[in-house]
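Here is my note on your model. Please look at the cavity and the sheet beside it as you read.

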Amino acid sequence: MRRITCPERDDWRSTAEADGFDFHTIDGERYWDERAYYAFTLEEIERRIEQPSGEIDAMCLELVGKAVDDDLYLRRLKIPETFWPLISESWHRDENSLYGRLDLSFDGHGAAKLLEYNADTPTSIFEAAVFQWTWLEQAIERHIVPEHADQFNSIHERLIEAWKKLGAGSHVHLTGATESEEDAGTLAYLEDTARQGGLATTLIDIEDIGLRVDGRFVDLDDRPIELAFKLYPWEWMFHDAFGATLADAPTRWIEPPWKALLSNKGILPLLWEMFPNHPNLLPAYFEDDPNAARLGASFVRKPLYSREGANVTLISGGVTVVEQEGPYGAEGFIRQAFAPLPNFAGQYPVLGSWLIDHTPCGLSVREDENPITGNTSRFLPHAIL
């Protein structure tokens, strides 16, 4: 694993905008950054990232199977009791998952370590699936990277196949907070792959979804929403005005309700309990667990629910190294062993290992001068050399 500086394409901004990548710059700062790329060997990709990602996903599914009907687990994860039947039924009906992203710490030497699982509403998929592939093709043409360079990236093709499995011939409504440029771009990309998978589509803001007297969710044309992809977290849906009606409405959701368990950082201590000393896991405990003292004075404190690094604190030797502000933490915290991210030229990269229909099939890299990856951390392409 290497970070290689390189020239950027002089037309990358116009290329991005032509591709619909309108959020390549955030608040005047680069989000997409191709002034460098991360290079991996094929062995690193296949043995150190792809294979462990499959194992981690399998462990996560085993955890759900154990936790979904166990009151103790659900209480530890602070899942509202009202929604336990909804979650359980979705699991026992084998409702399929479309995608997820494992965030890993990896330096090219030791084992990749799971930092967290973005199991419910992961973004950056357009950049990973499409725009970094465009970069690779053009970088080869322009002699920016060697002509034999490749990329760990079959996300786009697998998304189309996964949509076919989820409901070819059906109508899917894709919803989220469309005023967010990033969310709107992500939804537009996933809508395109759904269409290629044979589904009819409607894009709708989550605030425009209505509820009929017969208990059905409907769009602005009063059309029942039978299948819905939501770029909106389950924990938010549980507390929204329509939350109480979720269990009775016949809508099938992507991601399914059982994913609410895996989008919770409480799975990190639960995985450590079930698979102690697994090489791809870090020791982790609920903060109120006396065993958390085993981590000593160096650990990472994370809320059960948090996004984009909000309310995460890095503590080393009893001293706060860095802390991100945010609105999360009411449900409680976990503590995870402090495993510093690798430092490449003053940048701290996190690897995003993408799973489509539970198959590891792609890689994204986000880096920052801050060792906590946040919303504005830059996206860099990668190549296999």
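1. Helix α10 (residues 267-274) gives the most to the lining of the largest cavity, namely three residues. Helices are DSSP runs of H or I of at least four residues, strands runs of E of at least two, both numbered from the N terminus. The model is predicted: local features need pLDDT of at least 70, side-chain atom pairs count only at pLDDT 80 or more, and totals for chains, interfaces and linings use all residues. Residues are numbered from 1 along each chain as its sequence is written, and side-chain values use heavy atoms, without hydrogens and water.

2. The lining consists of Leu 114, Leu 268, Leu 271, Trp 272, Leu 281, Leu 282 and Gln 336. Six are nonpolar, one is polar and none is charged. A cavity is a set of points on a 1 Å grid over the protein atoms alone where a 1.4 Å probe fits but cannot get out; lining residues have an atom within 4 Å of a point.

3. The largest cavity holds about 40 Å³. Volume here is the space filled by probe spheres set on the points.

4. Five strands form an open antiparallel sheet, ordered β13-β17-β14-β15-β16. β13 (284-286) and β16 (319-323) each have a single partner strand, so one side of each lacks a neighbour in the sheet. Strands pair if DSSP finds at least two bridges between them.

5. Three bridges join β13 to the antiparallel β17 (residues 333-337). Phe 286 stands opposite Ile 334 in β17. Helix α10 packs on the sheet, touching β13, β14 (299-303) and β17. Contact means heavy atoms within 4.5 Å.

Key: On a 1 Å grid over the protein atoms alone, a cavity is a set of points where a 1.4 Å probe fits but cannot get out, and a pocket is an open set with protein on both sides within 12 Å along at least five of seven lines; lining residues have an atom within 4 Å of a point. Ala, Val, Leu, Ile, Met, Phe, Trp, Tyr, Cys and Pro count as nonpolar, Asp, Glu, Lys and Arg as charged, and the others, Gly among them, as polar. Axes are lines fitted to C-alpha atoms, for helices over the stretch in contact, and angles run from 0 to 180 degrees between N-to-C directions.
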